[in-house]
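Subject: Structure handover and notes

Dear colleague,

I am passing on the structure below, together with notes on what was found in it. Please read the notes with the coordinates open beside you.

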Amino acid sequence: MKIDDGNNLSKKDFYVKEITHKDAQDIIVSYHYAKSCSLMSIYRFGLFNKKHELVGACLWMPPTKLAALTVSEDWKKVLCLSRFAIKPNMPRNSASFFLSKCIKNIKQKMINRFHDTLNTMAPVLCLVSCV
């Protein structure tokens, strides 16, 4: 039985888009338990509410070669979710909604890059959580 206590995420009330590293850093330093993040990232996404307020952020970057090789021989195509944070008291499933949209965005970017460069090999996406 599905429980609805009024705190479930409504997809129409939230959206995800790319943001600057600085904007991601502001949310992460405020709400991630480590209170810090890297100085660089490959992809940065923000979770926004219907008032267009940034309520979550994440950073994606390459892991170390050694870590990447544990999941793929093509280690240069491995990404690591370095930091992921959302404001407290967000609706239920906010984090999974946000993560799902980020992965879809990254996959689409890889497909676009593949078509732009006319590579003969299909793109590969391996994700490793480093959070």
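Predicted model: local features only at pLDDT ≥ 70, side-chain atom pairs only at ≥ 80, totals over all residues.

Residues are numbered from 1 along each chain as its sequence is written, and side-chain values use heavy atoms, with hydrogens and water left out.

Overall fold

The chain contains three helices and five strands, where helices (H or I, at least four residues) and strands (E, at least two) are DSSP runs numbered from the N terminus. Read from the N terminus, these elements follow the order β-α-β-β-α-β-α-β. Of its 131 residues, 37% count as buried; here buried means under 20% relative accessible area, exposed means over 50%, and partly exposed lies in between, with a 1.4 Å probe and protein chains only. The chain exposes about 8,300 Å², of which carbon and sulfur atoms supply 56%; accessible areas come from the Shrake-Rupley method with a 1.4 Å probe, and for residues only the protein chains shown count as cover. If one takes the contacts (heavy atoms within 4.5 Å) between residues at least 6 apart in sequence, 64% of them join residues at least 24 apart.

Nonpolar cores

A nonpolar core is taken as a set of buried Ala, Val, Leu, Ile, Met, Phe, Trp, Tyr and Cys residues joined through side-chain atoms within 4.5 Å. The largest such core has 18 residues, and those with the most contacts inside it are Phe45, Leu47, Cys58, Trp60 and Phe98. At least two residues of this core come from each of S1, S2, S3, S4 and helix H3 (94–117), and H3 supplies the largest share, five residues. Once neighbours within four places in sequence are left aside, the contacts of phenylalanine 45 include Val16, Ile19, Cys58, Trp60, Phe98, Cys102 and Ile106, as well as Lys17, Glu18 and Asn105. A second, separate core of 10 residues includes Ile19, Ile28, Phe48 and Ala85.

Which residues of H1 are buried? They are His21, Ala24, Ile27 and Ile28, and, seen down the axis of H1, its buried residues fall within an arc of 135°, so they line one face of the helix; the arc is that of the directions from the helix axis to the C-beta atoms. Among the elements that cover these buried residues are S2, S3 and S4. Valine 78 belongs to strand S4 (residues 78–86) and counts as buried, at 2% relative accessibility.

Salt bridges

Side chains of opposite charge can pair when their charged atoms come close. The structure holds three salt bridges, each defined by a side-chain nitrogen of Lys or Arg within 4 Å of a carboxyl oxygen of Asp or Glu. Aspartate 13 pairs with lysine 12, the closest N and O atoms being 3.8 Å apart, and lysine 50 pairs with aspartate 13, with 3.9 Å between the closest N and O atoms. The latter pair links distant parts of the chain, 37 residues apart, since lysine 50 sits in the loop between strand S2 (43–49) and strand S3 (54–61) and aspartate 13 in the segment before strand S1 (14–18). Lysine 12 is exposed, with a relative accessible area of 70%, and lysine 50 is exposed as well, at 57%. The remaining bridge joins aspartate 26 to lysine 22, with the closest N and O atoms 2.7 Å apart; both residues lie in helix H1 (residues 21–31), four residues apart, about one turn of the helix. Aspartate 26 counts as partly exposed, at 37% relative accessibility. Salt bridges that share partners join Lys12, Asp13 and Lys50 into one network.

Positive phi values

Lysine 35, although not a glycine, has a positive phi of about 60°; lysine 35 lies in the loop between H1 and S2 and is partly exposed, with a relative accessible area of 47%. Histidine 52, also a residue other than glycine, has a positive phi near 65°; histidine 52 is placed in the loop between S2 and S3 and is exposed, with a relative accessible area of 56%.

With best wishes
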